[in-house]
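Trainee: I am new to this structure and would like to examine it with you. May we go through it by question and answer?

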Amino acid sequence: MPRNTRNTRGRPRTNSRYSFAKNTAGQRKAATTIQSAYRNRRTFRKNLQPFVETKAFQSGNVGITNYLSSTTASDTPAGTGAFNIIVPNCFYEKEQGVADHQMVGDSCYSRYLTTKMRLMFPQGNNVLVYPTSITVYQVWVKAPLAATPYTSPGINNVSQADIELHVKQQCQEFYSTLDDKLEFREKLRGVKVISRRKVFLKRDKSIVQPPFGIISHESPGWSHVVAGGTADWYGTFKWPCKSKLHYEESSSLVGAGITHYLNRPPSSLGYPALIIYNPNFADQATTDGGEFGTVDRRIKIQYRSKHWFGDQ
């Protein structure tokens with residue numbers, strides 16, 4: 001039987017069929033010949049993909065009282081003086097298994113990471129009486145830990161403290177640019193800033209009247225705040241990931257079931273972290289308030305992180 005030479009194009013691929021329908025005469029007729037499975041290309045790709053369950057692993061210090069650093073020594077969260085760093089451990093560390101918070105194998109597909117933070121300000125006699133400015137920076141730390149059998153610590157002996165120390169050291173470049181307001185800043189190389197959020201307090205969110213001062217009768221002329229309160233501040237920070245993460249096994253990780261850590265994150269991402277810049281930290285210490293006793297003007301902090309991912 002002779003071959004039909006009228007249609008030499010044959011049966012083109014899906015993309016070609018769409019372009020063929022748009023670039024030739026009789027577009028409506030050509031477009032209606034496409035099979036129903038190809039009309040909605042998103043649905044077609046979704047049907048081809050295997051069923052992947054979204055899992056979640058969370059970490060944080062909710063229920064534990066921590067303070068922003070009020071001295072030049074290390075504090076919790078990790079920081080020095082005006083700078084405090086929050087490291088979401090649920091992104092850096094993983095468990096192996098088949099539970100909803102565990103990964104199968106040594107890798108997973110990261111979807112996104114979210115951290116919720118709460119700042120609790122001193123109340124009553126301890127209320128802040130000096131100017132205070134707090135800024136929260138959401139960053140990616142681009143430099144990998146890159147542990148090997150010949151580094152210290154070795155690739156199978158990395159602990160949670162080693163990961164936090166690495167992130168803190170990489171942020172030193174960020175420290176030097178913010179600590180001096182008169183410095184001419186250069187472009188940051190090791191830290192990529194995603195967002196910058198100033199902490200503003202809404203006075204109308206508290207059912208207690210704003211702080212006010214009265215004159216002490218025992219010490220005339222000296223004013224001290226003895227009443228009122230400040231509402232807490234809440235912030236939510238989200239890192240979009242959309243990348244595959246490969247984890248390494250380590251015997252030095254602390255935690256029930258924690259066996260793997262992120263040694264080399266994808267170059268498009270990095271290590272997520274929050275940098276809390278509090279330049280007025282020296283005015284937020286525990287001091288002697290005279291007749292009012294000990295005055296504690298430290299700012300409390302709570303945070304929790306959650307990492308959504310899927311097995312590959």
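Trainee: Which residues line the second largest cavity?

Mentor: This is a predicted model, in which local features need pLDDT of at least 70, side-chain atom pairs count only at pLDDT 80 or more, and totals for chains, interfaces and linings use all residues. Residues are numbered from 1 along each chain as its sequence is written, and side-chain values use heavy atoms, with hydrogens and water left out. A cavity is a set of points, on a 1 Å grid over the protein atoms alone, where a 1.4 Å probe fits but cannot get out, and lining residues have an atom within 4 Å of a point. For the second largest cavity the lining consists of Leu 128, Tyr 130, Pro 131, Thr 132, Asn 280, Asp 283 and Gln 284.

Trainee: How many residues of that lining are nonpolar, polar and charged?

Mentor: Ala, Val, Leu, Ile, Met, Phe, Trp, Tyr, Cys and Pro count as nonpolar, Asp, Glu, Lys and Arg as charged, and the others, Gly among them, as polar. By that division, the lining of the second largest cavity has three nonpolar, three polar and one charged.

Trainee: Which residues touch the most other members of the largest nonpolar core?

Mentor: A nonpolar core is a set of buried Ala, Val, Leu, Ile, Met, Phe, Trp, Tyr and Cys residues joined through side-chain atoms within 4.5 Å. Buried means under 20% relative accessible area, exposed over 50%, and partly exposed in between, with a 1.4 Å probe and protein chains only. The largest such core has 54 residues, and those touching the most other members are Met 117, Leu 119 and Val 167.

Trainee: Which residues does Leu 119 touch, not counting residues up to four places away in sequence?

Mentor: Contact means heavy atoms within 4.5 Å. With residues up to four places away in sequence not counted, Leu 119 touches Leu 68, Ile 134, Val 199, Asp 232, Trp 233, Ile 299, Lys 300 and Ile 301.

Trainee: Is Cys 241 buried or exposed?

Mentor: Cys 241 belongs to strand S12, residues 233-249; strands (E, at least two residues) and helices (H or I, at least four) are DSSP runs numbered from the N terminus. Beyond four places in sequence, its contacts include Phe 91, Tyr 112 and Trp 140. Because its relative accessibility is 6%, Cys 241 counts as buried.

Trainee: Is Lys 242 buried or exposed?

Mentor: Lys 242 is also found in strand S12. Its phi is near 55 degrees, a positive value in a residue other than glycine. With a relative accessible area of 56%, Lys 242 is exposed.

Trainee: What kind of peptide bond joins Ser 152 and Pro 153?

Mentor: Pro 153 lies in the loop between strand S8 (135-141) and helix H6 (160-170), where its 29% relative accessibility makes it partly exposed. Most peptide bonds are trans. Omega between Ser 152 and Pro 153 is about 5 degrees, and the bond is cis.

Trainee: What is the phi of Ala 146?

Mentor: Ala 146 lies in the loop between S8 and H6, and at 22% relative accessibility it counts as partly exposed. Most residues other than glycine have a negative phi. Ala 146, a residue other than glycine, has a positive phi, near 55 degrees.

Trainee: How many helices and strands does the protein chain have?

Mentor: The protein chain has 312 residues, of which 38% are buried. Its secondary structure comes to seven helices and 17 strands.

How values were computed:
On a 1 Å grid over the protein atoms alone, a cavity is a set of points where a 1.4 Å probe fits but cannot get out, and a pocket is an open set with protein on both sides within 12 Å along at least five of seven lines; lining residues have an atom within 4 Å of a point.
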